Amino acid sequence: MNILIVDDDVARSSSLISYLTSYGRIHTSEITTATNINDAKRLLAACYFDVLILDVMLPKRDGETANPNAGIAFLDYLNRTSMLKKPEKIIGLTARINDIGRYRVSFEKHCLTVIE
């Protein structure tokens with residue numbers, strides 16, 4: 001199984017990797033990370049991932065401020081383009097509990113979910 005984690009919070013990505021390798025029986029070689037939208041696009045153009053774990057608020061590129069609409073815009077693009085290999089499962093993440101209600105509808109539109 002190949003998993004792509006797209007999150008600009010390196011500590012949270014590390015926690016997810018620890019959890020997946022400890023409890024999910026996933027090897028670290030099966031997990032790839034990206035910290036921005038452009039890197040995620042590059043990775044999804046290059047290879048197929050079974051699962052995408054996507055932060056809701058992301059910068060477009062390194063050094064930029066995270067945008068609260070970037071995750072949703074990326075999902076829309078992922079569903080419209082044939083240039084990227086769309087994962088079978090996509091999970092949205094947010095650190096802000098108030099964002100869950102706001103973004104859940106947009107994620108579920110693409111058969112996805114948002115979790116805290």
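Predicted model: local features only at pLDDT ≥ 70, side-chain atom pairs only at ≥ 80, totals over all residues.
Local features here need pLDDT of at least 70 and side-chain atom pairs count only at pLDDT 80 or more, while totals for chains, interfaces and linings use all residues. Residues are numbered from 1 along each chain as its sequence is written, and side-chain values use heavy atoms, with hydrogens and water left out.

Let's start inside. A nonpolar core is a set of buried Ala, Val, Leu, Ile, Met, Phe, Trp, Tyr and Cys residues joined through side-chain atoms within 4.5 Å; buried means under 20% relative accessible area, exposed over 50%, and partly exposed in between (1.4 Å probe, protein chains only). The largest such core has 17 residues, and Leu4, Val6, Leu44, Leu52, Leu54 and Phe74 have the most contacts inside it. Two or more of its residues come from each of strand S1 (3-6), helix H2 (37-46), strand S3 (51-55) and helix H3 (70-80). Helices (H or I, at least four residues) and strands (E, at least two) are DSSP runs, numbered from the N terminus. A second, separate core has nine residues, including Ile5, Ile31, Val51 and Ile53.

Leaving aside neighbours within four places in sequence, Leu4 is in contact (heavy atoms within 4.5 Å) with residues including Thr32, Ala40, Leu44, Phe49 and Ile53.

Arg25 has a positive phi of about 55 degrees, although it is not a glycine. The side chain of Thr81 reaches the backbone nitrogen of Met83 at 3.0 Å.

Terms used. Polar contact = N/O pair within 3.5 Å; in protein donor to acceptor, adjacent residues only side chain to side chain.
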